[in-house]
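Thanks for coming. I'll take one chain today, starting with the overall fold and then moving to the details.

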Amino acid sequence: MPAIHLTDESFSKAVGGAKVAVIDFWAEWCGPCRSMLPIVEKISDEYEGKALIAKINVDDYPEIGTQYGVRNIPFFLFFKDGQVADKHVGTIKESDFKAKIDALL
């Protein structure tokens with residue numbers, strides 16, 4: 001299942017409704033964001049039913065990014081029970097990405 005694309009309206013409900021959620025803040029023009037896409041999609045498939053993996057386009061929905069202090073992308077926020085538990089700025093290896101999620105499960 002591909003990563004869910006969130007909006008300002010769906011963000012709070014999605015994050016609050018998941019035990020563990022990872023939000024990928026990205027933009028179309030961002031090369032590093034595009035390089036992370038296959039990893040994000042693969043992890044979304046692997047963790048289906050265990051963790052919510054979602055994306056939010058910072059150009060289309062800048063308010064959420066501003067609220068969480070997103071200044072550089074890609075930017076990943078890791079939530080546990082609706083609260084920010086970890087974050088990562090920039091690209092990340094698949095194994096490190098999974099380790100961050102596993103630590104929250």
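Before I count anything: helices here are DSSP runs of H or I with at least four residues, strands are E runs of at least two, and both are numbered from the N terminus. On that basis the chain has 4 helices and 5 strands. Keep in mind that this is a predicted model. Reading from the N terminus, the order of elements is β-α-β-α-β-α-β-β-α. The radius of gyration is 12 Å, against 13 Å from the globule rule for 105 residues, so the chain is as compact as a globular protein of that length.

Some overall values next. Along the principal axes, the C-alpha atoms fill a box of roughly 30 × 25 × 25 Å. Of the 105 residues, 43% are buried. The chain exposes about 5600 Å², and carbon and sulfur atoms supply 53% of that area. If you take the contacts with a separation of 6 or more, 70% of them are between residues 24 or more positions apart.

Now the interior. In soluble globular proteins, nonpolar side chains tend to be buried together. Which residues touch the most other members of the largest nonpolar core? They are Phe11, Ile23, Phe25, Ile56, Ile73 and Phe79, out of 21 residues in that core. Four elements each supply at least two of its residues: helix H1, residues 8-16; strand E2, 20-26; strand E3, 52-57; and strand E4, 75-80. E2 gives the largest share, with 4 residues. Apart from this core lies another one, of 16 residues, and its members include Val22, Met36, Val40 and Tyr47.

Leaving out residues up to four places away in sequence, phenylalanine 11 touches Leu6, Ile23, Phe25, Ile56, Ile64, Tyr68 and Phe79.

Next slide, helix H4, which covers residues 94-104. Its buried residues are Phe97, Ile101 and Leu104. Those three cover an arc of only 55° around the axis, which puts them on the same side of H4. What do they pack against? The partners are E2, helix H2 (31-46), E3, E4 and strand E5 (83-89).

Isoleucine 101, in H4, is worth a moment. Its relative accessibility is 0%, so isoleucine 101 counts as buried. Again not counting residues up to four places away, isoleucine 101 touches Val20, Val22, Ile43, Tyr47, Ala51, Ile53 and Phe78.

On to the cysteines. How many disulfides are there? The count is 1. Cysteine 30 pairs with cysteine 33, and the two sulfur atoms are 2.4 Å apart. The cut-off for calling a disulfide is 2.5 Å. The torsion about the S-S bond is about 80°, so this disulfide is right-handed. Are the two cysteines buried or exposed? Both cysteine 30 and cysteine 33 are buried.

That leads to the backbone. Most residues other than glycine have a negative phi, and most peptide bonds are trans. This chain has a cis peptide bond between isoleucine 73 and proline 74, with omega about 0°. Proline 74 is in the loop between helix H3 (62-67) and E4. With a relative accessible area of 1%, proline 74 is buried. Beyond its neighbours within four places, proline 74 is in contact with Asp24, Phe25, Cys30, Pro32, Cys33, Met36, His88, Val89, Gly90 and Thr91. Both cysteines of the disulfide are on that list. Proline 74 and glycine 90 are 16 residues apart in sequence, and their C-alpha atoms are 5.0 Å apart.

The other backbone item is aspartate 81. Its phi is near 50°, a positive value in a residue other than glycine. Aspartate 81 is in the loop between E4 and E5. At a relative accessible area of 47%, aspartate 81 is partly exposed, whereas proline 74 is buried.

That's the end of the slides. Questions are welcome.

Terms used
Residues are numbered from 1 along each chain as its sequence is written. Side-chain values use heavy atoms; hydrogens and water are left out. Buried means under 20% relative accessible area, exposed over 50%, partly exposed in between (1.4 Å probe, protein chains only). A nonpolar core is a set of buried Ala, Val, Leu, Ile, Met, Phe, Trp, Tyr and Cys residues joined through side-chain atoms within 4.5 Å. Contact means heavy atoms within 4.5 Å. The arc is that of the directions from the helix axis to the C-beta atoms. The radius of gyration is taken over C-alpha atoms; the globule rule is 2.2 Å times the number of residues to the power 0.38. Accessible areas come from the Shrake-Rupley method with a 1.4 Å probe; for residues, only the protein chains shown count as cover.
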